[in-house]
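Student: Hi! I'm new to this one and would like to walk through it with you. Can we look at it together?
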Amino acid sequence: MRSIPNLIASTALGAALALGMAGPAAAQKIVISNWDAYMPPDLLENFTKETGIQTELAVHATNEEIMGKLTASGGQGFDVVFVTAPFAEALHKQGFLAEIDEAKIPNLKNLYEEARKLDYDPGNTYSVPYSWGTTGLCYRSDLVKTEPNSWMDLLKPSDDLKGKVTMLATDRWLLGAGLLALGKSVNSTSQADIDAAKALLIEAKTNLLAYDDTTFYSKLVSGEAHLVHAWDGWCNYGIAENPAIKYVVPKEGSDLFVDTMVVLASSQNQEAAHKFIDYVLRPEVGQWVASNILYKVPNRAAMESLDAAVLQQFPNLAMKPADLLKFEELRDLGAAQKIYTRAVTEITSAQ
Amino acid sequence: MRRGRSAGLLNLHLGLVFLFLYGPILVLVALSFNRAGLPTAWTGFSFRWYEALARNASIHHAVGNTIIVAFASTLIATAIGTLLAIGVERGRGSPALDAILFAPMIIPDIVLAIALLSFFSMLKMTLGLHSIVLAHVVFNIAFVAAVVRTRLKHFDWSVVEASADLGASAFTTFRLVTLPIIFPGVLAAALLAFTLSVDEFIIAYFTSGAGPASTTFPMRIYSMIRFGVTPEINAVATIVMGVSFSLVLVAQRLLGARDRA
Amino acid sequence: MTPTIRRAALMAPGLGWLALFLLVPCLLVLGLSFFERGVYGGIDYIFTFENYRRAVDPLYRSILLNSAWIAFLATLVSALIGYPAAYAIVKAPERWQSALLVLIMLPFWSNYLIRTYAWIVLLNREGLINRALAGLGATEPLPLLYNDFAIVLGLVYGYLPFMVLAIYASLSRLDPALLEQSADLGASPVSTFLRITLPLTLPGVAAGSVFVFVLSIGNFITPDLLGGGRRVMVGNLIYKQFLAARDWPFGSALAFLLIAIMMLLLLTQALLVRRSGGERPA
């Protein structure tokens, strides 16, 4: 499927040259796909002002959507895409991604050392980290009897929490909770591990209020739920509404997720795409993301310039990179994806 | 006496149905005036979401795009679908035709979405609002044809033949004979098509191009899921409801005036 | 123009559109069901029946049966509520009918997602309905959300208007003279309804039921949001295979089986309707 867009790219380039159009520097335009409101609202405008490169922003709601769109179109139509690490890895292994040219992104130096040697892409050869974080428990400290500190507090809740807990339903994180509770790897491809996690999660379903990937923090604020399975950044949205909401990484650990920027191999504007990534890695951009989106960014310069009040209000923003790296990164599962999808289908359809 | 009571019961039922349909809409309207961003508590009356909306050009753009897509796909699908329904009903029923007309309804949205994007990419077609319209017409044809067909069951085709015998052209016959008889069905079909198109998200997402020029309103809202759907969206819905409602009332007054004249 | 040619000309634009933008693209995708998922997603073009072997698993059968049951309940409730509503609209003064129809559809021009969120605000344990009940002295909140009840409610809410429209389209062509004749001949209103009105409007009920059933079984947002993700519907299952699992071949196989089963059901239904309601009663 990939050869078609490449063919188009080369034909288009050929045609452009044949018509004697100006070189790639003039009227360049890059198309970026990102989650809505995941970068400063004036970023693109400022970027264009400074570089003369035109931009077009597409927004996706989920990783899954943009993956589907890229696969169906062969990557055609996009230059830079924001996706979570395991998806970037899958895109790379399928040959969709361009190599990152370190020389063209001097601001890579702003990243923490730890962010330059992540397992899924050591040396940032095809992806550049944008934000990162953990998955854990988000709860109403004023409503729970004892502060939770284990995945079992979620999976086998005490009587007062029964029917007042929610879990993420996205397959990697749902199974991840079970695997971590059992002390297994979040990337385990062993059928026995996955079966054990599945059994635990089916049992946990009876005490669940709902599976919720999007509005769990609002359920905490309303008091409908008292303890939810959450990404740290999203828990912060709850904390912003109600200071009694707290976040904890369970003692058995968490996964480390990384949202990354990648350049499509089919892009005809790879120069400009690299310039864009370099621009995003500026400290002031990272600082805006951390203090407005409330996600940790792997940008040392940005994190060091964060307002102390922000760190105090949202303690999980202050987690050190060294601590984050203790958790296992989510990896693409390859052929084992089938086992995961099936296990999740069995869990969510269990009555 | 008896007729009066059953008519009363029917109207009561219709009233309850309207209550059911508009209940959540009232909640949505109320939330658009709520100061808080989360729908968890009432924290005071405020126009802040309307002010935010007034400044949010990308939402205006998205609403405009949705209206364009919905009108275009409704017009095309209603025209083609009505003709198709007439063609199908004029002949003997055929399971093959039935099957073709059921297919767009049964095919899971995601399959149609991926299929069309792959297909458009193969044809190297530029994506934009036009490709969303192409896609929406696909499922709308089926729904339009299905509604119009119910209207054409028991249709007395001899009227059409009589008109032709009297020398009327096929078009005149359609305009003066067939269309007036089936019009309520065509209207219902168009309403249905418009409603389906206005709310459709997944197929639009896949068949759209990049950028605000081809982003529809549902696409905007779904993209907001990760960082919170703000009550600005409730404000949009409130305005849409208000405007449509007023249009209905105005149309009603005009029709009433015409009837009395 | 001969009738056959005229008929072909009438159908040509519609059938052409469907052939080009439905049949060809969808067959290309459904054809993938005979290949393998690549290790990292994508397709390995190796011919196999493996996807169909996986698809006939009891797990997917039970999901299909469960979602058919939920969709059936939604259809039944919609028909029971929708018929009298359509009847009331037909009985209303003629110049009001179009306006009433538009008013039935109008709530659906807001947006699916925020309507669903509005239902959550109404139904949740701390929600408006339960707070109102507590104000009336109820001690325990009613479990209105995150269960099958909420899914069926959400589906009925979402698709009831389509039922009303379809029934309206066939009811409004009913000749009032026919009903009066029946009354004059001494038939009770009930028997007039059962023996004349209902059979004549059966095509409308059938079309409306097809809409509600088909849209319900393919819905993947209501089960997630109102059902709390506790039940997997077929629409959901296929959506996840294509997007979350990036397993297009298996998703295609599931979709193909679903389409085949639904097609069989719908064609049987169409045949039954044609037999029972298709002929004008003498």
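Student: Is Arg342(A) buried, partly exposed or exposed?
Tutor: Arg342(A) is partly exposed, with a relative accessible area of 29%. Buried means under 20% relative accessible area, exposed means over 50%, and partly exposed is in between (1.4 Å probe, protein chains only).

Tutor: Some ground rules before we go on. This is a predicted model, where local features need pLDDT of at least 70, side-chain atom pairs count only at pLDDT 80 or more, and totals for chains, interfaces and linings use all residues. Residues are numbered from 1 along each chain as its sequence is written, chains are lettered from A and ligands numbered from 1 in the order in which they are written, and side-chain values use heavy atoms, with hydrogens and water left out.

Student: Got it. Which residue of chain A forms a salt bridge with Arg342(A)?
Tutor: Glu346(A) does, with the closest N and O atoms 2.9 Å apart. A salt bridge here is a side-chain nitrogen of Lys or Arg within 4 Å of a carboxyl oxygen of Asp or Glu. Both residues lie in helix H15 (residues 337-349) of chain A, four residues apart, about one turn of the helix. Helices (H or I, at least four residues) and strands (E, at least two) are DSSP runs, numbered from the N terminus.

Student: And what does Asp57(C) do with Arg342(A)?
Tutor: Their side chains meet in a salt bridge too, at 3.0 Å from N to O. Asp57(C) lies in the loop between helix H2 (50-55) and helix H3 (58-91) of chain C, while Arg342(A) is in helix H15 of chain A, so the pair joins two chains. There is a network of salt bridges here, linking Asp195(A), Lys198(A), Arg342(A), Glu346(A) and Asp57(C).

Student: How many salt bridges does the structure hold over all chains?
Tutor: Over all chains, 29. One of them pairs Arg149(B) with Asp98(B), the closest N and O atoms being 2.9 Å apart. Arg149(B) lies in helix H6 (residues 129-152) of chain B and Asp98(B) in helix H4 (residues 95-106) of chain B, so the pair ties together parts that are 51 residues apart in sequence.

Student: Are those two buried or exposed?
Tutor: Arg149(B) is buried, at 12% relative accessible area, and Asp98(B) is buried at 4%.

Student: New topic: how much area do chain B and chain C bury between them?
Tutor: About 8,500 Å², with 81% of it on carbon and sulfur atoms. Buried area is the accessible area (1.4 Å probe) that two parts lose on being put together, summed over both. In chain B, Phe20(B), Ile106(B) and His154(B) lose the most area to chain C, together 9% of what that side buries. The contact (heavy atoms within 4.5 Å) takes 96 residues from chain B and 93 residues from chain C.

Student: How many salt bridges are there between chain B and chain C?
Tutor: The count is one. Arg115(C) forms a salt bridge with Asp199(B), the closest N and O atoms being 2.7 Å apart.

Student: Last one: which domains does chain A have?
Tutor: The assignment gives domain 1 (3-132 + 257-328) and domain 2 (133-255 + 332-349), with bounds that come from an automatic or database domain assignment. Their C-alpha centres lie 29 Å apart. Domain 1 and domain 2 of chain A bury about 1,700 Å² between them, 55% of it on carbon and sulfur atoms.
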